[in-house]
Amino acid sequence: MNNATTQELQAELTVLKTCNESLQSANTNLEEEISKLRKQTTSGPASNNIPPSRNDTPSFELLTPTQQNSDDITLTNMPVSDLTIMELQATVQVMQKQELVAKRKITEQEHTIKELTTALDNCTKTIPVLDESDDDFEEAGPSSKKQMRGPNSVVANRTRSKKQHVTPSTLKTIPKPRNSYKKYTTYKNLSDEDKETINSLASQRGQVDTIIWRPPDSNQSVLSNDLFALIENKSIWSSFIDCYCMKLSMDQSNGLFDTAQSEDMKGTSIVLPSMLLYCLRSSGDKTFVPPVHLCAHRYLIFPLHSKGNKIKKIDHWTLLVFDKLLCDWRFYNSLQPRKGHKDAYLQDAEDMKEFVEKTAAKYDLDIPNDEDIQTMEDAPQQACGTDDCGIVVLYIIKKYFTQQPIPSQTATMEIGNMRRELVELFLQLGKGKDYRNKRLKTNKM
């Protein structure tokens, strides 16, 4: 038994010795790199930011210096084999502690290298300045870059009253806009004033998310990132869809849509939350509490997101509308399949219709349950390869509120203009509001 234990300890000791030798070599290499960096930062502005050297590695010895020089150390009367095992165990523990110390030292050395490298970078860093008169939103070129370390700089004036020493590490760089919007049609068609606002918002992109507009008595908001998504032809979020629909509802309540553009479309509309379908799919009884006066409107509009669709697992927005006057369900899909193929997204409409019928039965609503869903074959279509499904949904919803006929698939140009109209609308709503001074921290996902 003692022989087996001894062999195990000796094997573990061999592994630990090899590991410690490797760590020691890494310590030495890192120390050499730190020494080189310190030589480069011993003079100049970066010298104020040099982190202190660290040499706090403890020593692990089995005996104190006094004990090592003494011949009077008495061991217990144990067998030699037991003493050998104890000695090996003690050595293993020491080696394990030394391994932990070496690893900690490597971490500290890497942190020191990072600090020294940052100090060196800040010595020669130039500050890009955004040219606010550049309506094409191009990145600032070399001629527009300055160093803001002079005695008349903004940072110096701000900190001089506090008697702070302005060093490269305390200078805050002006963030560059990530993208050049010159190539985007939506941006090019904006007014000069709106371009300037977008440029200002983009200069803070990645650091804060500005609240552009918030509907009254609502916890949802239109954010600056929503406007960027519109300009960059990206997909839109459910919160943006809900905010726009709330704006349409407010305009309808204020009588802006009282005059019908088409007698066949005459009637008021109500939009249910865009993520209602997803919530109902995971709920127990598959019903929801209906809004007050739900059935007082002619059109019941349900934006549908495909999340939870077991047939088609690609994110996609479609639209389901119930016309109480004609008692029919209409399904709009901007990505219709080829003829002869089943529309996988029709499952979203069928699920929503089933949940509405259950809710109607539970709350005694005047909604028939014997009508089939009619797929609108001439629904507006998004261009191939685009993320315009949510834009098409908002375009159709707007037509219902304004009581205009839904154009056929040839409405591609109008849908393209819809992005610009949405940007202009919410920039106008945000003017003069204190929402623009509120910020939300951006969490990278």
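Reader: What volume does the second largest pocket have, and which residues are the closest to its centre?

Author: Rolling a probe the size of a water molecule over the atoms shows where empty space is left. On a 1 Å grid over the protein atoms alone, a pocket is an open set of points where a 1.4 Å probe fits, with protein on both sides within 12 Å along at least five of seven lines, and lining residues have an atom within 4 Å of a point. Grid points are joined across faces, edges and corners, and a volume is the space filled by probe spheres set on the points. Here the second largest pocket has a volume of about 400 Å³; of the 17 residues that line this pocket, Ser235, His305, Asp315, His316 and Trp317 are the closest to its centre. The lining divides into 8 nonpolar, 6 polar and 3 charged residues, where Ala, Val, Leu, Ile, Met, Phe, Trp, Tyr, Cys and Pro count as nonpolar, Asp, Glu, Lys and Arg as charged, and the others, Gly among them, as polar.

Reader: On what basis are such features reported?

Author: This is a predicted model, in which local features need pLDDT of at least 70 and side-chain atom pairs count only at pLDDT 80 or more, while totals for chains, interfaces and linings use all residues. Residues are numbered from 1 along each chain as its sequence is written, and side-chain values use heavy atoms, with hydrogens and water left out.

Reader: How many residues does helix H11 have, and what span is expected for it?

Author: Helices (H or I, at least four residues) and strands (E, at least two) are DSSP runs, numbered from the N terminus, and the expected span of a helix is 1.5 Å times one less than its number of residues. Helix H11 (residues 389-401) has 13 residues and reaches 19 Å from its first C-alpha to its last, close to the 18 Å expected. Of those 13 residues, 12 are buried, buried meaning under 20% relative accessible area, exposed over 50%, and partly exposed in between (1.4 Å probe, protein chains only). The buried residues of H11 include Ile391, Leu394 and Phe401, and the helix is followed by Gln403, whose phi is positive, near 60°. For helix H8 (residues 238-253), the end C-alpha atoms are 23 Å apart, which agrees with the 22 Å that its 16 residues should span; Gly255, with a positive phi near 80°, follows this helix.

Reader: Where are Asp217 and Ser218 placed, and is each of them buried or exposed?

Author: Asp217 is in the loop between S3 and S4, and Ser218 is found in that loop, between strand S3 (208-213) and strand S4 (222-223). Asp217 is exposed, with a relative accessible area of 88%, and has a positive phi near 55° in a residue other than glycine. Ser218 is buried at 18%, and a polar atom of its side chain lies 3.1 Å from the backbone nitrogen of Gln220.

How values were computed. Polar contact = N/O pair within 3.5 Å; in protein donor to acceptor, adjacent residues only side chain to side chain.
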